[in-house]
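Trainee: I would like to learn how to read a protein structure with care, one feature at a time. Could you show me the structure and then take me through it?

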Amino acid sequence: MDRREFTASLVAGGCAGMCVDLTLFPLDTIKTRLQSQQGFYKAGGFRGIYAGVPSAAIGSFPSAAAFFVTYESTKSLFTGYSATNLAPITHMLAASLGEIVACLIRVPTEVVKQRTQASPSLNTYRVLLNTLQEEGFRGLYRGYGSTVLREVGWLSSTHQVLIAVWWRRQGGRLDSWQAAVCGALAGGVAAFVTTPLDVAKTWIMLAKAGTSAASGNIPKVLYEVWRSRGIPGLFAGSIPRVTFISMGGFIFLGAYEKVRRTLL
């Protein structure tokens with residue numbers, strides 16, 4: 001990847017990510033409160049629906065940019081395989097590495113954002129200070145493993161498979177709106193399937209220090225959710241999550257393709 005392509009991926013990924021996160025933020029707040037241990041109304045209900053938005057705004061651009069720069073860079077290393085049957089594997093590898101890098105930026109802002117969403121009486125700055133005072137810098141990375149596990153490979157690999165099929169049928173060209181449709185379809189399916197992992201991530205991030213959920217043991221947390229809330233608890237927040245990611249996939253991938261082509 002040359003400097004121009006690098007810059008295009010950086011700017012396009014960052015702009016698209018910020019656009020999605022800020023536009024659909026209320027859906028994310030509702031999802032977090034539905035998944036929280038304390039319950040929807042005790043977590044704030046429909047009050048303070050933009051609680052935590054500063055954290056999302058700060059982390060959105062750099063995490064999205066980090067994902068797509070890593071993603072495009074990794075794909076460029078495997079350009080010789082892009083026209084072979086190994087293409088889906090290379091796309092999955094690129095997406096996985098992209099998520100691992102992006103989560104280094106995303107998880108700290110996600111921890112602060114979710115804790116603010118579930119405690120609307122506190123502001124973002126106070127939640128950040130409380131986290132650092134009680135748990136130190138490591139507290140900002142609580143839930144890193146569950147976040148990576150939730151994200152890795154699903155959206156981008158499925159999206160790329162859809163793009164590859166449509167691209168061939170279109171004779172080698174895919175418009176921005178077509179890329180956006182692929183993103184919406186892939187995102188909706190992935191969002192529903194990975195909801196239990198998202199619930200586990202929320203419980204881990206919101207848990208008080210020293211509790212079993214705070215340990216980050218994903219199977220243990222999933223079992224705890226199932227035991228206390230059953231199957232519905234494992235899929236809590238699935239409707240706003242599917243809506244957010246489907247609409248977000250349409251906006252994100254469409255905007256990314258459009259901005260990147262404009263810059264190139």
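Mentor: We will go from the overall fold to a pair of helices, and then to salt bridges.

Mentor: Please keep in mind that this is a predicted model, in which local features need pLDDT of at least 70 and side-chain atom pairs count only at pLDDT 80 or more, while totals for chains, interfaces and linings use all residues. Residues are numbered from 1 along each chain as its sequence is written, and side-chain values use heavy atoms, with hydrogens and water left out.

Trainee: How many helices and strands does the protein chain have?

Mentor: Helices (H or I, at least four residues) and strands (E, at least two) are DSSP runs, numbered from the N terminus. Here the protein chain has 11 helices and 0 strands.

Trainee: How do I describe two packed helices?

Mentor: Two packed helices are described by the angle between their axes and the distance between the axes. The axes are lines fitted to C-alpha atoms, for helices over the stretch in contact, and angles run from 0 to 180 degrees between N-to-C directions. Helix H2 (residues 25-35) and helix H11 (residues 238-263) pack at an angle of about 155°, their axes lying 8 Å apart. H2 and H11 are therefore roughly antiparallel to each other, since angles under 35 degrees count as roughly parallel, over 145 as roughly antiparallel, 65 to 115 as roughly perpendicular and the rest as oblique.

Trainee: Which side chain meets Lys31 in a salt bridge?

Mentor: A salt bridge is a side-chain nitrogen of Lys or Arg within 4 Å of a carboxyl oxygen of Asp or Glu. The partner of Lys31 is Asp28, at 3.6 Å from N to O, and because the two are 3 residues apart in helix H2, about one helical turn separates them. Lys31 is buried at 5% relative accessibility, and Asp28 is buried at 9%.

Trainee: Where in the chain are Asp198 and Arg150?

Mentor: Asp198 forms a salt bridge with Arg150, the closest N and O atoms being 2.3 Å apart. This pair links distant parts of the chain, with Asp198 in helix H9 (residues 195-206) and Arg150 in helix H6 (residues 144-151), 48 residues apart.

Conventions:
Buried means under 20% relative accessible area, exposed over 50%, partly exposed in between (1.4 Å probe, protein chains only).
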